Amino acid sequence: MKIATFNINGIKARMNALTDWLGEAQPDVALLQEIKSVDEAFPREHFEDLGYNVETHGQKSFNGVAILSKLPLEDVTRGLPGDDEDEQARWIEATVTGDTHSVRLCGLYLPNGNPTPGPKYDYKLAWMDRMFARAQELLASEMPAMMAGDYNIIPQAVDAKRPDAWRDDALFKLESRTAYRRILNLGFTEAFRTRNPAPEQFSFWDYQAGAWNRNDGIRIDHLLLTPQAADLLTECKIDAEIRGREKPSDHVPVWVDLAA
DNA sequence: ATGGCACTGTTTCAGTGA
């Protein structure tokens, strides 16, 4: 079962790039972030025609997450629990069932948090506290589960071309990385690093300053697996090449294959 | 990070992102 995460930076602007990639990569499930669309405006029929079931959790202009799945999507929930006042669309869950296992999938768009300090950074850290609580529940369920998406977290210096440039940024500040590590340390497996120890492997390159051409990137899109899901992990890769195409997102897909 | 870009909105620049 091939499951990908992809921050598309706007569904309207990414129709061609996303459609091309789906055709080539043939993921069973694609967790999308930054659809920047309300649910009613999401071009669901286009993806249904490609054989995908579509579930969205959108909002106007910003944020927004979605799941495309060739397998049926069951028990869909929207929103990260823990704050009824939170209007930002950043979390969606569903269960998919393969030949041998059911897997709970959480698609997430973790807040950027800049500038620091300030209310946006406070929101990021508070959001991560709520995510910690949901992560505990997933582990307690003892089922194969995954939290995947744009974490807006550079876990370690090796995950940036120029870590010094990010020292005081909300993506790399010690407080951010500590909050991420606290979730990981509950017992999750970060799929990419488990299988790819080499440096200079990134999932985001800024549109500015020729970042892609200089491989001046950061690795901020992650897939965290519960132990039961980690036992099924057979592969994890970054589809970096599509960053060099026409009208790309600034992120690229990261995917896992699970023997599920 | 000196700075360079891109997306949405009902636009003609501002807010946001990373």
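R182 is partly exposed, with a relative accessible area of 41%. In this predicted model, its side chain meets that of D129 in a salt bridge, at 3.5 Å from N to O. R182 lies in helix α4 and D129 in helix α3, so the pair ties together parts that are 53 residues apart in sequence. Let's start from that pair and look around.

**Helix α4 and its neighbours**

- Which residues of helix α4 (residues 174–184) are buried? They are S176, A179, Y180, I183 and L184.
- Seen down the axis of α4, these buried residues fall within an arc of 145°, so they line one face of the helix.
- The buried residues of α4 pack against α3 (119–141), β8 (145–150), β9 (189–190) and β12 (221–225).

**Strand β8 and its partners**

- In β8, 6 of the 6 residues are buried, so this strand is largely enclosed by the rest of the structure.
- Strand β7 (residues 102–109) runs parallel to β8, and 6 bridges join the two; L108 stands opposite G149 in β8.
- Together, β7, α3 and β8 form a right-handed β-α-β unit.
- β8 also pairs with β12, this time in the antiparallel sense, over 5 bridges. Here A148 has L223 in β12 as its bridge partner.

**Salt bridges**

- How many salt bridges does a search of the whole structure find? The total is 18.
- R195 forms one with E235, with the closest N and O atoms 3.3 Å apart. R195 lies in helix α5 (residues 191–195) and E235 in strand β13, so the pair ties together parts that are 40 residues apart in sequence.
- R167 forms a salt bridge with D164, the closest N and O atoms being 2.4 Å apart. R167 is partly exposed at 40% relative accessible area, while D164 is exposed at 60%.
- E93, R104, R134 and E137 are linked in a network of salt bridges.

Notes:
Residues are numbered from 1 along each chain as its sequence is written. Chains are lettered from A and ligands numbered from 1 in the order in which they are written. This is a predicted model: local features need pLDDT of at least 70, side-chain atom pairs count only at pLDDT 80 or more; totals for chains, interfaces and linings use all residues. Side-chain values use heavy atoms; hydrogens and water are left out. Buried means under 20% relative accessible area, exposed over 50%, partly exposed in between (1.4 Å probe, protein chains only). Helices (H or I, at least four residues) and strands (E, at least two) are DSSP runs, numbered from the N terminus. The arc is that of the directions from the helix axis to the C-beta atoms. Contact means heavy atoms within 4.5 Å. Two strands pair if DSSP finds at least two bridges between them. A crossover is right-handed if, with the strands pointing away from the viewer, the path from the first strand over the helix to the second runs clockwise. A salt bridge is a side-chain nitrogen of Lys or Arg within 4 Å of a carboxyl oxygen of Asp or Glu.
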